Structure formats: C-alpha cells, structure tokens
Amino acid sequence: MITKVATSLLFCTGVILLAACSVTAQQKNSCIECHVKLEGELGDPARSIKNDIHLSRGLSCNDCHGGDPTVDDKVAAKDLTKGYLGRPRTMDIPAFCGKCHNDASFMKKFNPALRVDQEKEYATSVHGQLLKTGNTKVATCISCHGVHGIRAVSDALSSVYPSNVAETCSQCHSDSARMAEFKIPTNQYEKYKSSVHAKVLYEKQDLSAPTCNDCHGNHGAAPPGIASVANVCGQCHARQAELFRASVHKTAFDNSGLGECITCHSNHDIRSPTDELIGTGENAVCVSCHKPGEKGFVAAGELRGMIDGLLARIDQSHQILDRAERAGMEVSRPKFELREAIDGVTHARVLIHTSSTAEVDKVVAPSVAIAAKTYQAGLDALAELNVRRWGLVVSLFFILFLAVLVYLKLRQMERRQPA
Amino acid sequence: MRVEPFKRWMDERLSISTLGYAAQKKEVPLHRQSIWYYFGGMTLFLFVVQVVTGILLLLYYRPSSEDAFESVQFIMTEVKFGWLIRSIHSWSANLMILTLFIHMFSVYFMRAYERPREITWVTGVVLLLLSVCFGFSGYLLPWNEVSFFATKVGTDIAGVVPVAGKTMLRFLRGGDDVTGATLTRFFGFHVAVLPALATVFIGVHVLLVQLHGMHVPARYQKTYRRMKFFPNFLMRDLIGWLLAIGVLAALAAIFPWELGVKADPFAPAPAGIKPEWYFLFMFQTLKYIPPKIFIFDGEVIGILLFMLAGAALFVIPFVNRNPEQHPRRRLIFNILGGVAVLFIVVMTVIGYLA
C-alpha cells in the first residue's frame, strides 16, 4: 500500500515539474532578462514594458523587433536569420508600427473596433508630410504614444488620454527651439489652458470637451484651413454653424478671407462667450469690422439692446416675484413660467449667429411677453398681499368686537344672576 | 308663523325639552384651576375647524403623486380664499395638538383621571394618538420635498420596531418605498379611517364627561363654587373660540403655510429634514441614543422606550388609584409628569434649534 502511494506521489511530482518547466520555457524572455540589468536607455525598455498594452495582450519584444527571446546567448538571440530588426530608424517608425496596425485581420484578434488606417492618415498629416521629406524632428507614433510603456487610449495614465493630449502635444509645440525651424507659434498650449474648453475638460473633467486632436485630427494632424474652420467647430456647435452659414456674414467672411468662427471667438484661447462680445461696446467683436454709422454697426447695437432688454425684464420679474415670495405669497407658477424666458435668452444668444435682428426678435419678443406676464403676476401677488392684510385687520376687528359683545353680555347676565 | 306647535311636535319625537332641562341643570365647578377646563372644549373646537376646512380642501385636492402638489398649488393660487382655508387647516392642526397636550397634562396633574373617570382618560389617550396620526398622514398630502422625506424618515423609524416593524413599514408605505401608493394610502387614513375613529372616540369621551361631570381637585372639594354650563361656561368658551379664530386668521394671513417644492423621489434628501414639532422631541432623542447599547441596536431601544411610554399613558389611572390616600405615590407621579413635560420642552427646543 505504502509503495503504491509513494509511486503515485512521485508520478504527480514529476507531472507538476514537467508542467512548470514547460511554462518557464514559454515565458522565457532573454531580451528583458538581459536589458533589465543594463543602465540608461538600453535598460529603459525592459523596465517600462511591464505597463505596456502589447505585453498585457500576450505580445513580446520579438513581435516587434524580431529575434529569438528563448535563447540566452546574445548573438543567437539577435540572429538576423530569425528576423531580428533591432531599433527602427525614425523614418521607418510609422511602417514599423503599421506592420500590425494596418492589418485588419491581425488587429481583429485584439480589438475588432480598432481602426487600421492610422499610418495612411499619418501620411496626410503635416508630421507625415515632413517626415517624407526626411525631417526626423517631426512627431511619429512613439512621440505621442510613447515607446515600450504604451498604454491604451482609454487608460487615464496614457499620454493620449483626452485630458493628457494637450500636454503631450505641448512637449514639442511649446518648445520654441524645436519649433523655430518650422516657423510656427509656441503659445498654443498656454492659450488653450485659458480657454473655456480647457476649463470644462480639466475642471469639470468632462472628456467630451475638445482638446488638440478634436480640432486638428490625431494621426492626420494638421491646422484646419480657413475654409474648414466652421466645419471643425460645427462638429459640436452644429446649430451655430448652420445659422452662420445662412447669414450675411458667411459671404462677407469668405470674400475677406476671414476664418468663420475664429474671427470672433479666436482659436486656442476661446473664452466663454459673454454678451459683451455683441454690440458696439469696447469689448464687442462687431466693432472690429463695423464702423459707426454703418448698417452693421447699427444692427450690432440693436442685437445687444434686444438681449439686454430681455435680461433686464427677466431680472425685474425675478425681483418682484422674490419679494412676493419672501412675503409668504405662493408664486412658484410664475417663477416656473419665467424659466421659459430664461431659455429664450439662451436661444437668442444662439440666434445672434444669424446676424438678423428679425430672427432674434422672433425669440426675444415672446420671451419679453412671458417676462411681462410674470412681472404682472408678481404685482398681482403683492396687491393680493395687501388685500389680505386689510382683510385681516377688518376681520380681526369684527372678531374682537363680537368677543367683547359676548363678554359684556356675560357680565351683564352674571350681575343679574343670584350669587 | 306659529313656533309653539312645531316645538311641541319636535319635542314629542326628540325630547328636546329634556336636553334643554339637562343643559339648564348642568354646572361647572368654579375654583382657581377652572381655566384648564376650557382646553378640552378648545381642542374640540379646533377639531371642528379641521373638519370644516378639510372638507373644503377636499373639493379641489387630488390624491396622487402626479396631481397632489399641483392641486394644492391650485388651491393656494387660483381658488378664492383657498390660501386662507389651507393655511387655517395647517395652523389649526398644530394649535389643536398644542391644546390637546395642554389638556392632557392638566388632566394628569389635577389627577382628573381618578375613579370613575378612567375610561374618559383612556379615550383621551386614544384621541391623542389619533391626532398625531392625523398630523403624520396629513403632512405628506401636499407631496412636497420636505413632507416626502419626513415621511420617509418617519416610516423608516416605524420599520425599526422589532417583529412587526417590516410589516408595519410595508403597510404604511404600500410597498418598500414612499411612492404614490403611500400618498393614496395616507389620504385614505386622513379623510376616512381616522375621522371615523375620532368621531367615535370623541363621542364616547364627551358623553363620559357629561356623565361624570367635571372633576374637582381634592384641595378645592370643600371650597369650590358652581357655574352654570349654559350659558355662563359656554359663553366663556365662545369668547375663547372667537379669539382662536382671530389667531388662526392672523397666522394664516401673516405666515401663510408654505408649499415648498414638489417632491422628487429620485433627488437626494435635502439637509436638515425635520418632522412636525410634536414629533421633534422623539426625533431629537433618537439622535442622542448611541448606535449600540450593549448588544442591542440603540434606535430600537429608543423606539421601544417611546412605545412603552405611550402604553404607560393608558395605565396611569389604574396604577395611581386613590392618589389622595397615597401621598408618596402622588408625589412620584407629579415628579414623573414634571420630568416628562421638561423633557418634551427641552428636546423640542434643542431639535428646533439644531
């Protein structure tokens, strides 16, 4: 019996050992084993690759660089006959990554939804175009995605995660020495950080807010031409773009070679639009083209006047309704109705893109009527309050009078009653 | 028009003259503590105000989660004097609870529950419980944010009661959560079940008061005088009721009862949710009880103690029998009553200020 048990145990141990050896053989990676011991840039890839998405999906050094990671001998591991490629040149990087990323059937195995046209798109970008001319200072895949420590785009630590994109681009685009050769500004990132888009992205953590790639494209990054600016902004601000295209400004801007949205709203440092941008005031954008006395100047003043007038009426209604509410009157219904007028202000601000006083008035006029109605409701509530107070005084007088009469009658009765 | 034949005809069938005779004969004791006799009548008067204003509100109120808030809003803004009726209904409810408490404690301290008035006291305690149930069920009916969450908290507390808690919670809410089903249910309690029960108990209570007459404290037994109920006492009552109407009108006009914002079951509870003032002392006490007392849940212990206190109210007349012959027991009951009043007042004030 003991012999049988011992034999079984021996057999099991053998099987486990064999299995362990087989796993070790599969997982052996002599590239990492050697490089991790090296200092500096030769050791960095081995150290940073542990967070790499490729490694996590079962790919290894040799899947990109070729060679044989199962052998310990350095020469044998880098055997050219085993497809060893070594470190690619900057010029070759897009094609190097494209080997797999252009292959739809290969990429499907990992992520069927992933695009496979990045290299083609890159070729159309300013970066790609310059690379073709032999300029190796431009960005390639690894400049944005990193190398060896590449993370998924959805990973918040990725250099191309929405809230990290602007900083990644700024690594090169804010470097004046690097950009000097290309003669382009280097203040885009600084400007962007002050924009309403950055505020929404960084402060509200709203990842739908645009960053560099949303307007410029990512792999096909290029500055949108003047003709296509409205299309870029219109992706999100569709209604404004549509109204602008139908407005008199469209032709005027095209004829003057002005960019559609950016002329009034700027590009990288787009501020939250205020009513001050409209009209003929110091901060109004209209006056940069329209001079006093011109038709456009008058219209700008009228548009601002309409918005300001509506806001003043809403404010007036708010004040009187708040006063009535503080006095204990029930005014929740007119307060609710007033919200429609407030919506009217938002709508009118969008309709400013038509540049038409008639169009804006179609929204402002009914909103003014609502504000007037709610103001009247506030007045009525205060009048009702007055009526109630007087009603109270009169009723209290009668009630007390009656109470006094009863009291007097009682006294009279009790005086007559025998003790 | 001849009145006499009609009176005779009625008297033959209804014995009105007997009632009139009884009213003529009925007397009220007159002594230094007679002022407390008026609070029972005042409570009854405020109950009548509740019934009348409640019926008027019923003409427009719609008991569903979709319509309740809007219908009260309609009453407050569109219906002629709707604001007055609703405000009087709300203020009168609160004043009624206040006069009820005063009435109960005056009866307690004057030991008016002693033999043969034990059942009068028991029906009075039942009426007190019915009144707070009226308040609790009515509070939800406007379906505003504060009432919604106060009901949620209140029914949650009911759910903590051991054994029957979960069933009670589901029965009160008409489900697991406070929903439109709870509103409909509370409306049913408020306008049908509770009024029916209250009418029966008020009937018995008032009948027993007539049967036994007003209680005279022992120390005035030899010195008290008498006053005719009709018209002397009733006219004094009338002055009190007229003044109560004046106070209600002033409160309704100067401090109209707020409507607040419509309840949103999906919104988070607003900060500082408090129940009506007459529940505040219990609510505040539960806050001070530690979560765990030995191995027991602190909240459960607190609720059980309040239930025990409620039950103790019923048995007072049967425990404190013949108090005049047991001065030591009398003193203990006086101290207990004083502590209870002090506790309720202090906890209510702290709860109000918190």
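Visitor: What do the buried residues of helix 15 of chain A pack against?

Guide: Helix 12 (162-173) and helix 14 (188-193) of chain A are their partners. Packing here rests on contact, meaning that the C-beta atoms of two residues, placed from the backbone, lie within 7 Å. This is a predicted model, in which local features need pLDDT of at least 70 and side-chain atom pairs count only at pLDDT 80 or more, while totals for chains, interfaces and linings use all residues. Residues are numbered from 1 along each chain as its sequence is written, and chains are lettered from A and ligands numbered from 1 in the order in which they are written.

Visitor: Which residues of helix 15 of chain A are buried?

Guide: In this helix, residues 196-203, they are A:His197, A:Ala198 and A:Leu201. The three lie on the same side of helix 15 of chain A, because they cover an arc of only 90° around the axis. That arc is taken over the directions from the helix axis to the C-beta atoms.

Visitor: Why is A:Tyr375 called buried?

Guide: A residue is buried if 20 or more other C-beta atoms lie within 10 Å of its own, exposed if 12 or fewer, and partly exposed in between, with C-beta atoms placed from the backbone. A:Tyr375 has 20 other C-beta atoms within 10 Å, so it is buried. This residue lies in helix 23 of chain A and touches A:Gln316, A:Ser317 and A:Ile320, not counting residues up to four places away in sequence.

Visitor: How many residues does each chain give to the contact between chains A and B?

Guide: Chain A gives 18 residues and chain B gives 20. On the chain A side, helix 22 (332-351) and helix 23 (357-416) each supply at least two residues. Helix 23 has the largest share, 14 residues. That side of chain A divides into 10 nonpolar, 3 polar and 5 charged residues (nonpolar: Ala, Val, Leu, Ile, Met, Phe, Trp, Tyr, Cys and Pro; charged: Asp, Glu, Lys and Arg; polar: the others, Gly among them).

Visitor: How do you know what confidence the predictor has in chain B?

Guide: From pLDDT, the predictor's confidence in each residue, from 0 to 100. Chain B has a mean of 91, and 100% of its residues reach 70 or more. The model scores ipTM 0.81 and pTM 0.68.

Notes. Helix = DSSP H or I, 4+ residues; strand = E, 2+ residues; numbered from the N terminus.
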